[in-house]
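Reader: Could you walk me through this one, beginning with whatever open space there is and which elements surround it?
Author: Gladly; here is the structure, and we can go through it topic by topic.

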Amino acid sequence: MALKTKVAVIGAGHAGIEAALACARTGIDTVLFTMSLDSIANLPCNPSIGGTAKGHLVYEIDALGGEMGRAADLVTLQSRTLNLGKGAAVHSKRVQADRKKYQQIMKSTLESQSNLRLVQSEITDIITEDCANGAYIKKVVGVKTKLGEIWDCECAIVCAGTYPSAKIFVGDVSYSAGPDGLLGAEGLTKSLIDNGISIMRFKTGTPARVKRSTIDLSKLELQEGEPNSLPFSWRTDESLLEDVEQIPCHIVYTNEETHRIIRENLHRSAMYSGQITGTGPRYCPSIEDKLVRFADKQRHQLFVEPLGENTEEMYIQGFSTSLPTDVQYKMLRSLQGFENAEIMRYAYAIEYDCADPTQLFPTLEFKTICGLYGAGQFNGTSGYEEAAAQGLVAGINASLKLRGEEPLILQRSSSYIGTLIDDLTTKGTNEPYRMMTSRSEYRLLLRQDNADFRLTPIGRCVGLVSDEQYSHYVARREMIDSEVERLETTYVSKECASELLVSMGKEEAKSGVSLADFLRRPDFNYAVIASIDAGRKALPRSIVLSVETEIKYAGYVKKQLAEVKKYEKLESKAIPADINYFAVRGLRIEAAQKLDRIKPLTFGQASRISGVNPADISVLLVYFGIK
């Protein structure tokens, strides 16, 4: 029997799910292969979705027509907005998610999606043929499973996560396995190397899971949820978190005894004994790595978080380790409230293979293999949200390619997703890449509250945004514009303004003031001016938030938009694919080598390549006669 599909998606983690749904929802016949149907949408590390910059990614995924935000809303145990003490640009939503419910919802979503088939089977080979199409050397024609089946396909999207050649480390014990002790993917790496793909070796880790009833939570700091936090998805009612009883989290700190135990056993850590060769994440280090790098710190903060509503398992965020099991018990029981704690799952480190992302176009297609895409941790990133964002873009572009349409390349000024992919494909990474607000030079434009205004029209163009979602977006835009105009043109008398100002401990007004001018003051918000705004209508909280932000930051946004326009020339000018950089007179050898290897599509991308300086870009502009 001939087995055929248009797109084969390899791996059903967060990248694979978004990739498969994007293809299927745009009418492309798709097969999603997974090592185990029981591991679909697994959250093998943090039982959470969102966080600093990661929350922005989830909002952007939703705005483009993706699935992660809706599922996260439906399984929220606790919701909080991080960085509220800072400006609106870095406010980031994070939720504790019910791990099993999240998996169930995503699996059900995939099973009910038309044009999509789920197959439990390991892919061991990417089948290619020679290709003379442009710069491509090969093209994808199929994939082969461990059972010997061959599936003909025109595109394949590798979303293999931390499974390729995965190896678990606990102290001096190591063995081949994927996350949570599942089977690793043993054959795929060789096939990728045989197809000319450069492979890197990275490492990550996870803390122990502890039985809730064995922790004395009364000795820990309580961390309540935020009852008025807005949902991720446009499909979720804003009142959802008002009706749900949120589960509290807790905070505990390491102490001198904890540190003594760890230091005395550093030589037994797989990380420090020389067993692990892969590079670990800079921004999510193991507890032993923290003690070495931050030797002057007397304690480290840990978060105690539930894995679900109907489980005793608790996650100790910040306590990741590869130390032996006996040491894990000692250091755990040195924490206040954990004197009698029982470990349900031991902590471990995991090494895995991934691809050098500079081999990819910004579409996430490999530059030398037509129809082969990469997404998620396979591209050298860390985190569920980064994975889902890449999977969505890879799926969209595979679909557009098969439909004969122009590819989607998101600019840095459009989104954190665009920033993430641009960083990966132009700069590469020598460690697991994590998205942070500081990575974006346009973060004031890329807020959570305006993700739909930036990306929903794009999602509509590529075929993922439904009529209902688009109508919701249009109505939101109209409500915000109307309210901003009302506040800008509604004035209150000098006397009325003075009364409010004096009540706030301010000086009296010298003249009449617009309601918008009041909102621009640091200590004023929409609720504060209610007493002098008799004509206001009741508006959803999300509208109020966006109105406040647009008015308060209008001047700064205008300046940042001017910066975007300034660089538009470089971003829009394409570089011919057949250019011989070594023949460009005046271009430094290092720059020519970097440009030839990465093959940027535009001058903007070229300018961000490490080792290419402004003088090199000037040489290129002169070479092409661009002023």
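Author: Bear in mind that this is a predicted model. In the second largest pocket, helix H2 (54–63), helix H12 (451–462), helix H13 (467–489) and helix H16 (541–552) each contribute at least two residues to the lining.

Reader: Which helix gives the most to that lining?
Author: Helix H16 does, supplying nine residues to the lining of the second largest pocket.

Reader: And how many residues line the second largest pocket, and which lie nearest its centre?
Author: The lining is made up of 46 residues, and those nearest the centre are Leu230, Asp449, Arg541, Ser542 and Leu545. The pocket's volume is about 1200 Å³, and its lining divides into 18 nonpolar, 15 polar and 13 charged residues.

Reader: What lines the largest cavity?
Author: Its lining residues include Pro362, Ile409, Leu410, Arg412, Asp422, Glu571 and Arg608. Helix H11 (residues 416–427) provides the largest share of that lining, with three residues, and by type the lining of the largest cavity divides into four nonpolar, three polar and four charged residues.

Reader: And how does the lining of the second largest cavity divide?
Author: In the second largest cavity the lining has eight nonpolar residues, two polar and no charged. Among the residues lining it are Pro207, Ile316, Phe319, Gln328, Met331 and Leu332, and the largest share, three residues, comes from helix H9.

Reader: Where else does H9 turn up, say around H7?
Author: Helix H9 (325–333), together with helix H8 (287–293), is included in what covers the buried residues of helix H7.

Reader: Which residues of H7 are buried, then?
Author: In helix H7 (residues 256–264), the buried residues are Thr258, His259, Ile261 and Ile262. They span an arc of only 160° around the axis, and therefore they sit on the same side of H7.

Reader: What happens at the start of H7?
Author: There, a side-chain oxygen of Asn255 comes to within 3.0 Å of the backbone nitrogen of Glu257.

Reader: Change of topic: where is Cys370 found, and is Cys370 buried or exposed?
Author: Cys370 is in strand E22 (residues 369–370), and it counts as buried because its relative accessible area is 13%, below the 20% cut-off.

Reader: What is Cys370 in contact with, apart from its neighbours in sequence?
Author: Leaving aside residues within four places in sequence, the contacts of Cys370 are Cys131, Tyr136, Lys138, Lys139, Val140, Glu365 and Lys401. The C-alpha atoms of Cys370 and Asn133 are separated by 8.2 Å, although these two residues are 237 residues apart along the chain.

Reader: And Ser48, where is its place?
Author: Ser48 belongs to strand E4 (residues 48–50), and at 3% relative accessibility it counts as buried. Its side chain is joined to that of Arg94 by a polar contact of 3.2 Å, and beyond four places in sequence Ser48 also has contacts that include Val95, Gln96, Tyr384 and Glu385.

Reader: What about Arg443, where does it lie and what does it touch?
Author: Arg443 lies in the loop between H11 and H12 and is partly exposed, with a relative accessible area of 32%. Not counting residues up to four places away in sequence, Arg443 touches Ala89, Val90, Tyr416, Thr437, Ser438 and Gln560. By contrast, the C-alpha atoms of Arg443 and Gly374, which are 69 residues apart along the chain, are separated by 26 Å.

Reader: Last topic, backbone angles: what is the phi of Asp180, and what is that of Lys599?
Author: Asp180 has a positive phi of about 60° although it is not a glycine, and Lys599, also not a glycine, has a positive phi of about 55°. For context, most residues other than glycine have a negative phi.

Reader: Where are those two placed?
Author: Asp180 is in the loop between strand E13 (173–176) and helix H5 (188–194), and it is partly exposed at a relative accessible area of 26%. Lys599 is in the loop between helix H18 (589–598) and helix H19 (603–607), and it is partly exposed too, with a relative accessible area of 38%.

Terms used
Residues are numbered from 1 along each chain as its sequence is written. This is a predicted model: local features need pLDDT of at least 70, side-chain atom pairs count only at pLDDT 80 or more; totals for chains, interfaces and linings use all residues. Side-chain values use heavy atoms; hydrogens and water are left out. Buried means under 20% relative accessible area, exposed over 50%, partly exposed in between (1.4 Å probe, protein chains only). Helices (H or I, at least four residues) and strands (E, at least two) are DSSP runs, numbered from the N terminus. The arc is that of the directions from the helix axis to the C-beta atoms. Contact means heavy atoms within 4.5 Å. A polar contact is a pair of N or O atoms within 3.5 Å; within protein, one must be able to donate a hydrogen and the other to accept it, and residues adjacent in sequence count only if both atoms are side-chain atoms. On a 1 Å grid over the protein atoms alone, a cavity is a set of points where a 1.4 Å probe fits but cannot get out, and a pocket is an open set with protein on both sides within 12 Å along at least five of seven lines; lining residues have an atom within 4 Å of a point. Grid points are joined across faces, edges and corners, and a volume is the space filled by probe spheres set on the points. Ala, Val, Leu, Ile, Met, Phe, Trp, Tyr, Cys and Pro count as nonpolar, Asp, Glu, Lys and Arg as charged, and the others, Gly among them, as polar.
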